[in-house]
Amino acid sequence: MTDVAQPLVDELAASIQARVLNGEIPTGTRLRQETLAAEFGVSRTPVREALRKLQASGLVEVQPNRGALVRGPTAREVREAYEVRAELEGLAAELAASRIRDEELRRLRRAQALFRHSVATLLDWRSARDGREAPPGDAHDEWIAGNDLFHSAIQHAAANERLRATLTDLHRSFPRDLTWISLEENAGLLEENVAQHEAILDAIESHDPAVARRRMVEHVSRAGELVTRRFEERSP
């Protein structure tokens, strides 16, 4: 596999993984290389490498001459991942509260403003639906961007590269899009999510490490509860 093709492999793997994790591709589905290659408009080689990458993460099981069987995460695995993530992100918030610089704080405020706006857009759509089955794509994209920027700004301000690398690796297996799927149809949960971000921001602005950590742990744990419940409801 050449360096030129690796970004394509990563993109294909991320796309397949997201579809498995959000339920679009159910556990037990058999993925054929030729079918995926035709769907994505690529050759079978990057598809084969993407499936091998997903097998290494435990998401699929590649079977000779039979394609790949989707394993998918169990509710227990999701719960355990969020338990770890809550503690790690709590540590990041604690460190950020004592180390954050003015420019990093401005970045965090901008991220929260974007996040707040995305939720307001979605709530406006919910109160005046025009027959669309799904929320506007820009609300989804803006929510993901705002949420990612908020969490990444805190991790950057924590100034601990090992911590950032560990969280990045964890997020590759359980992307934050799962939280969006659990929240998008519930106005109360969306508003709660924004309020949790505001509370974390306030604690970091106040340079209160203990409170920042506690609020972040509560925030991520709450998201974990919602996502785990969704997986439990989908389980046979």
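Start by selecting Asp10, which is partly exposed with a relative accessible area of 29% (buried means under 20%, exposed over 50%, and partly exposed in between, with a 1.4 Å probe and protein chains only). You are looking at a predicted model, where local features need pLDDT of at least 70, side-chain atom pairs count only at pLDDT 80 or more, and totals for chains, interfaces and linings use all residues. Residues are numbered from 1 along each chain as its sequence is written, and side-chain values use heavy atoms, with hydrogens and water left out.

Lys53 sits in helix H3 (residues 44-56) and Asp10 in helix H1 (residues 6-21), 43 residues apart. Helices (H or I, at least four residues) and strands (E, at least two) are DSSP runs, numbered from the N terminus.

Next, select Arg109 and Glu205, a salt bridge with its closest N and O atoms 2.6 Å apart. Arg109 belongs to helix H5 (residues 102-127) and Glu205 to helix H9 (residues 187-205), so this pair ties together parts 96 residues apart in sequence.

For a group of three, pick Arg19, Glu24 and Glu39, which are linked in a network of salt bridges.

Finish at strands S2 (residues 60-63) and S3 (residues 67-70), which run antiparallel and are joined by 4 bridges; strands pair if DSSP finds at least two bridges between them. Which residue in S3 stands opposite Val60? Val70 does.

Note on methods. Salt bridge = Lys/Arg side-chain N within 4 Å of Asp/Glu carboxyl O.
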